Amino acid sequence: MSEHVYKKIELTGSSSAGIQHAIETAIAKAGQTIKNMRWFEVVETRGHIENGKVAHWQVTIKVGFTVED
């Protein structure tokens with residue numbers, strides 16, 4: 001079994017479609033420049049209200065990825 005070193009970054013994704021879409025948007029965008037992403041954890045969820053209804057979601061996540069040699 002090899003040993004790994006991980007680094008965490010914090011991202012905030014947004015979406016009018018829902019929480020999962022906000023998370024997937026953040027991970028997809030980060031994946032364009034960050035390799036070896038392994039896991040995420042939800043840190044904060046918040047939303048914007050318009051006319052008494054949820055109009056927009058913002059989800060802050062921490063993403064862990066392996067550091068290469």
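The model is a predicted one, and a search of the whole structure turns up three salt bridges. Let us take them one by one.

Start with glutamate 41 and lysine 8, whose side chains meet in a salt bridge at 3.9 Å, N to O. If you trace the chain between them, you will see that this pair links distant parts: glutamate 41 sits in strand E2 (residues 37-50) and lysine 8 in strand E1 (residues 6-15), 33 residues apart. How accessible are the two partners? Glutamate 41 has a relative accessible area of 34% and is partly exposed, and lysine 8 is partly exposed as well, at 45%.

Next, look for glutamate 68 and lysine 35, which form a salt bridge with an N to O distance of 3.7 Å. Glutamate 68 belongs to the segment after strand E3 (53-66), while lysine 35 is in the loop between helix H1 (19-30) and E2, so this contact ties together parts that are 33 residues apart in sequence. Is lysine 35 buried or exposed? Its relative accessibility is 56%, and because the cut-off for exposed is over 50%, lysine 35 counts as exposed.

Finally, turn to glutamate 44 and arginine 46, where the side chains meet in a salt bridge at 2.6 Å, N to O. Glutamate 44 is partly exposed, with 40% relative accessibility. Arginine 46, at 32%, also falls in the partly exposed class.

Technical notes. Residues numbered from 1 in each chain as written. Predicted model: local features only at pLDDT ≥ 70, side-chain atom pairs only at ≥ 80, totals over all residues. Heavy atoms only, no water. Salt bridge = Lys/Arg side-chain N within 4 Å of Asp/Glu carboxyl O. Helix = DSSP H or I, 4+ residues; strand = E, 2+ residues; numbered from the N terminus. Buried < 20%, exposed > 50% of the residue type's maximum accessible area, 1.4 Å probe, protein only.
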